[in-house]
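Q: I am new to this structure and would like to learn how to read it. Could you take me through a few features, one at a time?

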Amino acid sequence: MVEVDVDLCEANGVCVGLVPDVFDLSDDDELSISDAADRPEHRSMIEVAIASCPRAALRWSD
């Protein structure tokens, strides 16, 4: 599963643009991660989103 460090996230929305089935920003700029993150077909794009996050706020959880 992927997780967000809310202290680092600035709600830039890069991840939302890359994988909208997984990431979503609320009206209050809170990032949420859907259960779709567990689907194998999203893994490669989640990797891109993690690498593209300007604040390095995304990572794989243990």
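A: Gladly! Let us begin with burial: a residue is buried under 20% relative accessible area, exposed over 50%, and partly exposed in between, using a 1.4 Å probe and protein chains only. Keep in mind that this is a predicted model, in which local features need pLDDT of at least 70 and side-chain atom pairs count only at pLDDT 80 or more, while totals for chains, interfaces and linings use all residues. Residues are numbered from 1 along each chain as its sequence is written, and side-chain values use heavy atoms, leaving out hydrogens and water.

Q: Is Leu-31 buried or exposed?

A: Leu-31 counts as buried because its relative accessibility is 14%. Leu-31 sits in strand β3 (residues 31-33); helices (H or I, at least four residues) and strands (E, at least two) are DSSP runs numbered from the N terminus. Leu-31 and Leu-8 are 23 residues apart in sequence, and their C-alpha atoms are 11 Å apart in space.

Q: How many salt bridges are there?

A: The rule asks for a side-chain nitrogen of Lys or Arg within 4 Å of a carboxyl oxygen of Asp or Glu. By this rule there are three salt bridges. In one of them, Arg-59 meets Glu-3 at 2.9 Å, N to O. That pair links distant parts of the chain, with Arg-59 in strand β4 (residues 58-60) and Glu-3 in strand β1 (residues 2-4), 56 residues apart. Arg-59 is partly exposed at 39% relative accessibility, and Glu-3 is partly exposed at 29%.

Q: Which parts does the salt bridge of Glu-10 and Arg-55 tie together?

A: The side chains of Glu-10 and Arg-55 meet at 3.6 Å, N to O. Glu-10 belongs to the loop between β1 and α1 and Arg-55 to the loop between α2 and β4, so this pair ties together parts 45 residues apart in sequence.

Q: What about the salt bridge of Arg-43 and Glu-47?

A: Here the N to O distance is 3.8 Å. Arg-43 and Glu-47 are four residues apart in helix α2, so about one helical turn separates them. Arg-43 is partly exposed at 45% relative accessibility, as is Glu-47 at 35%.

Q: Which residues form the nonpolar patch on the surface?

A: Patches are made of residues with over 30% relative accessible area and no salt bridge; like charges are joined within 9 Å, and nonpolar side chains (Val, Leu, Ile, Met, Phe, Trp, Tyr) within 5 Å. Accessible areas come from the Shrake-Rupley method with a 1.4 Å probe, and for residues only the protein chains shown count as cover. In this model, Val-14, Leu-18, Met-45 and Val-48 form the nonpolar patch, with about 250 Å² of accessible area together. Helices α1 (14-18) and α2 (43-52) each supply at least two of its residues. Leu-18, found in α1, counts as partly exposed because its relative accessibility is 31%.

Q: What can phi tell me about Ala-11 and Ala-56?

A: Look for a positive value in a residue that is not a glycine. Ala-11 has a positive phi of about 60°, and Ala-56 has one near 50°. Ala-11 lies in the loop between β1 and α1 and is buried, with a relative accessible area of 18%. Ala-56 lies in the loop between α2 and β4 and is exposed, at 54%.
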